[in-house]
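Here is a short walk through a structure. Keep the sequence and the 3D view open as you read.

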Amino acid sequence: MAKYWHVILIGMQNTLSYRVNFLFRALFSLVPLMGTIYLWRRIYEDKGEDGEVAGYTLAAMTSYYLLVTVVDALTAVNEDDWQIAADIKDGNISQFLLKPIDYLSYRFCLFLSGRLIYMMVAIVPVGLFIWSLRSYFVVPSDAATFGWFVLSMVMTALLQFLMSYTMALLAFWVLEVSTFIFIVFAFEYIAGGHLFPLNILPPLVQRVLELTPFPYQLFFPVSIYLGQTTGDALTRGLVIQAFWTVGFYGIARFAWSRGIKKYSAVGG
Amino acid sequence: MPSRPSNLRRYLSVYLALWRNSIIREMGFKANFLLWIVVEGLWFVLQLGFVGVLYLHTDRIGDWTKWQVVMLIGAGHCIQQVFQAFFLVNCSNLSELIRTGKMDFMMLMPINTRFLVSLRQVDLGAFVNAGSAVGVMVYAGMQLGLSPTLGQMAGAAFLGVTAIFIHYALMFLLATASFWTVKAQGIVWGYYNLFNISRLPDSAFRAGWFRNVFTFVLPMILVANVPVKVLIDKMRSPWEPLLLVAMAVVAMAASEAVWRISLRRYTSASS
């Protein structure tokens with residue numbers, strides 16, 4: 001285990017050199033988000049005093065986007081997928097085949113350290129942003145809700161990592177994986193709930209989306225926090241989320257074992 | 001003795017050669033070329049989907065109806081894609097040229113360095129996407145029952161081109177920060193993020209610092225809104241188009257000035 005601690009520490013040192021990049025990233029990603037919030041405000045303005053959109057008041061809607069920002073900062077993959085694909089393409093993974101270190105665990109440690117540094121950098125702009133909209137920021141109704149939210153968010157982070165990892169392993173088979181990564185990201189962006197809360201969609205579309213892993217990459221923990229998912233739905237959701245997480249772990253392991261047979265150590 | 005070709009002809013022939021190189025490069029990876037078109041198309045559809053969802057719950061945003069916003073998104077996408085076709089890769093590669101010292105070769109070429117650095121690669125797929133954006137605009141226009149005059153179309157096209165020059169000038173300005181810091185690529189991609197707000201109808205933004213910053217400093221709220229407002233007869237006063245043109249002139253002048261100062265600072269990284 002000790003060796004993975006070292007990976008985390010080294011990863012943190014490496015990512016620290018990207019701190020300015022992270023700061024810009026966090027700052028600039030807030031701008032489109034504010035644009036979206038302004039857009040909603042304008043829509044609610046015409047609806048009058050206590051107007052609602054699919055059960056959301058303006059305050060609830062704003063709250064939703066604030067939580068999306070928080071969960072995203074805590075769980076989203078950053079450069080991990082590009083780096084993994086590059087490792088494979090450039091033949092850098094050869095060294096892991098010779099050493100007693102497991103590549104998936106290694107990458108997971110780097111993912112953790114990347115998230116830690118990102119959080120430390122992003123806390124200033126994101127914190128200020130939330131502070132400026134603090135009147136909209138809700139706290140969960142009870143400690144249990146918060147607990148389920150944290151549990152779900154941990155699984156979200158795992159799922160985010162495992163899905164990106166699996167996508168990046170495509171580099172064993174195709175030369176250029178960035179297009180595939182962007183295509184999956186596009187689906188995640190809309191079907192994960194980045195752009196708008198999924199429960200303002202027509203019920204049929206919602207039901208279709210629930211069959212995909214995307215809502216569990218972001219929307220699900222947020223809906224727990226906001227008290228929209230409770231009781232049976234909560235239990236069922238957590239089980240499905242766990243199922244996807246374990247499932248992608250299996251796929252990731254399988255893809256690696258197949259990929260490594262095809263791997264030809266270009267340049268290594 | 002053959003006469004020296006005119007400057008313009010020389011630049012045109014160089015630019016033609018750059019195009020040829022880009023075509024050859026893209027055709028080397030045909031599947032990838034097509035997949036990038038799919039990716040950009042998907043993000044475009046996603047934006048349209050967002051509008052579709054919004055208008056399930058409202059029938060107007062300020063004074064913008066659904067198909068007007070669709071036209072706005074089409075215009076925003078078209079402007080962004082044409083900008084991307086000519087300039088985006090080149091702007092984001094500037095920091096790489098400086099970091100690796102390849103800038104030396106650029107400066108040694110017997111041709112204007114900024115010309116070469118800005119236009120070296122052409123992203124051909126972006127033209128396809130710009131075309132699909134125009135298709136969406138035409139469809140939205142039909143839904144709105146528009147029949148714009150030739151003058152309106154020419155005006156909108158002119159303002160669209162002006163908007164592209166604003167994007168180019170500002171992004172190039174940000175990219176020249178690479179002469180000072182190696183992290184400029186992050187800034188360039190940060191700017192790219194801002195394209196998102198150019199697709200939102202301007203009446204969503206009430207007067208305030210946000211609107212002021214993105215009108216007078218980084219005119220994101222103007223770039224797509226102004227050309228579209230000309231097309232759909234929404235333009236109430238002439239100051240917005242004038243402001244857009246003025247911003248383009250100022251931004252181009254500023255980026256040229258900063259570029260010259262920055263070049264003087266360049267000390268070749270690798271040698």
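Chain A and chain B bury about 3300 Å² between them. Carbon and sulfur atoms give 78% of that area. Buried area here is the accessible area (1.4 Å probe) that two parts lose on being put together, summed over both. In chain A, F28(A), L39(A) and R42(A) lose the most area to chain B. Together they make up 18% of what that side buries.

A word on the ground rules. This is a predicted model, in which local features need pLDDT of at least 70 and side-chain atom pairs count only at pLDDT 80 or more, while totals for chains, interfaces and linings use all residues. Residues are numbered from 1 along each chain as its sequence is written, chains are lettered from A and ligands numbered from 1 in the order in which they are written, and side-chain values use heavy atoms, with hydrogens and water left out.

Back to the interface. Chain A brings 37 residues to the contact and chain B brings 36 residues. Contact means heavy atoms within 4.5 Å. How many salt bridges does the rule find across the interface of chain A and chain B? It finds 1. The rule asks for a side-chain nitrogen of Lys or Arg within 4 Å of a carboxyl oxygen of Asp or Glu. The partners are R206(B) and E45(A), with their closest N and O atoms 2.4 Å apart.

Polar contacts also link the chains. There are 4 residue pairs of this kind between chain A and chain B, both residues at pLDDT 80 or more. A polar contact is a pair of N or O atoms within 3.5 Å; within protein, one must be able to donate a hydrogen and the other to accept it, and residues adjacent in sequence count only if both atoms are side-chain atoms.

Which elements give two or more residues to the side of chain A that touches chain B? They are α2 (19–45) and α8 (178–191) of chain A. Helices are DSSP runs (H or I, at least four residues), numbered from the N terminus. α2(A) gives the most, with 15 residues.

Now look within chain A. D87(A) sits in helix α4 (residues 80–89). D87(A) counts as buried because its relative accessibility is 13%, and buried means under 20% relative accessible area (1.4 Å probe, protein chains only). Its side chain makes a polar contact of 3.5 Å with that of R107(A). Leaving aside residues up to four places away in sequence, D87(A) touches N92(A), I93(A), Y103(A) and R107(A).

Definitions and conventions
Buried < 20%, exposed > 50% of the residue type's maximum accessible area, 1.4 Å probe, protein only.
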